[in-house]
Amino acid sequence: MAFDTIELVGDETKAVEKGYPPLERGYYLVKPLYVVIDNTLNALVNGYIPFKPPIIPGSTGLARILEPGYGARPDLSGLLAIISPISKKGILGIEINGLLAKHVAIPEDTIALTVEKKHPMYSIGYYVAVANKVAELSKDQRLLIIGAGLTGFLAAILSRESSLETDVFTLSRPRIHLLKKIGINNVGPTPIFKGPYLSLIHI
């Protein structure tokens with residue numbers, strides 16, 4: 001038996017054989033190349049986020065588009081795409097099946113951007129885009145970032161030059177060390193708040 005899919009079933013994580021998924025209207029068949037293992041997946045596995053089992057986890061990454069379903073754009077076939085977790089159908093890897101499989105079917109609106117080259121850095125493109133938007137919105141303002149997950153960490157890096165001040169509230173000692181190393185000193189479980197702030201809350 002060739003296992004090709006990771007599934008969360010209740011409190012278990014299983015490797016199963018699924019093969020090619022059915023291709024619904026407005027969906028694409030894609031081959032995931034790089035999938036981000038982030039705090040969302042950790043929270044799912046540890047039971048902190050409710051979901052309806054079985055579910056294939058994996059919310060964002062880089063994938064090659066193989067085939068369009070009826071109603072999806074055929075010109076994207078063969079291209080590399082950064083996958084966004086947000087869809088009108090639900091959140092990838094939580095409400096609808098995600099990317100941790102050899103082949104998956106995903107809604108058309110999760111195709112965030114096509115790229116030319118296959119590189120693992122593109123798999124975090126969604127997080128970089130969100131962090132960059134936070135940096136734009138916090139220009140010349142005080143920014144308090146609550147949590148130092150991937151989005152929060154990147155937002156702190158990108159906003160440190162543009163905001164008046166960037167503070168980070170986090171319990172993660174490794175992230176506290178890294179953020180202080182790059183010059184963000186007001187960081188930790190009890191930073192000195194100097195609001196008013198534009199706030200980012202991230203799991």
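Which residue lies over the face of F153? R175 does, at 5.1 Å from the ring centre; a charge sits over a ring if NZ of Lys or CZ of Arg is within 6 Å of the ring centre and within 35 degrees of the ring normal.

The model is predicted, so local features need pLDDT of at least 70 and side-chain atom pairs count only at pLDDT 80 or more, while totals for chains, interfaces and linings use all residues. Residues are numbered from 1 along each chain as its sequence is written, and side-chain values use heavy atoms, with hydrogens and water left out.

**Figure 1. Overview of the chain.** The chain has four helices and 13 strands; helices (H or I, at least four residues) and strands (E, at least two) are DSSP runs, numbered from the N terminus. Along its principal axes the C-alpha trace spans about 55 × 40 × 25 Å. Of the 203 residues, 44% are buried, where buried means under 20% relative accessible area, exposed over 50%, and partly exposed in between (1.4 Å probe, protein chains only). Among contacts (heavy atoms within 4.5 Å) between residues at least 6 apart in sequence, 65% join residues at least 24 apart.

**Figure 2. The largest nonpolar core.** A nonpolar core is a set of buried Ala, Val, Leu, Ile, Met, Phe, Trp, Tyr and Cys residues joined through side-chain atoms within 4.5 Å. The largest one has 17 residues, of which I145, A156, V168 and L179 touch the most other members. Two or more residues each come from α2 (125-137), β10 (142-146), α3 (150-159) and α4 (173-181). The element that gives the most is α3, with four residues. Beyond its neighbours within four places in sequence, A156 is in contact with I145, T166, V168, L179 and I184. Another core, of 16 residues, lies apart from the largest one and has Y28, I56, A72 and L99 among its members.

**Figure 3. Helix α3.** Seven of the 10 residues of α3 are buried, so the helix is largely enclosed by the rest of the structure. The buried residues are T151, G152, F153, L154, A155, A156 and S159. F153 is also the residue whose ring face lies under R175.

**Figure 4. Helix α2 and its buried face.** The 13 residues of α2 should span 18 Å at 1.5 Å a residue, and the end C-alpha atoms are 19 Å apart, which agrees; the expected span is 1.5 Å times one less than the number of residues. Y127, A131, V134 and A135 of this helix are buried. Seen down the helix axis, the buried residues of α2 fall within an arc of 100°, so they line one face; the arc is that of the directions from the helix axis to the C-beta atoms.

**Figure 5. The aromatic pair.** A pair of aromatic rings is described by the distance of the centres and the angle of the planes. The structure holds one such pair. Y126 and Y127 form it in an edge-to-face arrangement, with 5.8 Å centre to centre and 75° between the planes. Rings of Phe, Tyr and Trp (its six-membered ring) pair if their centres lie within 6.5 Å; planes under 30 degrees apart count as stacked, over 60 as edge-to-face and the rest as tilted. Y126 is partly exposed, at 25% relative accessible area, whereas Y127 is buried, at 6%.

Figure 6. P85 sits in the loop between β5 (80-83) and β6 (86-87). With a relative accessible area of 8%, P85 is buried. Not counting residues up to four places away in sequence, P85 touches S59, T60, G90, I91, L92 and Y126.

**Figure 7. Surroundings of P57.** The loop between α1 (39-45) and β4 (61-68) holds P57. P57 counts as buried at 1% relative accessibility. Its C-alpha atom is separated by 7.2 Å from that of I6, 51 residues apart along the chain. Leaving aside neighbours within four places in sequence, the contacts of P57 are I6, E7, L8, L41, G93, G98, L99 and L100.

Figure 8. D140 is found in the loop between α2 and β10. Its phi is near 60°, a positive value in a residue other than glycine. Most residues other than glycine have a negative phi. D140 counts as exposed, at 53% relative accessibility.
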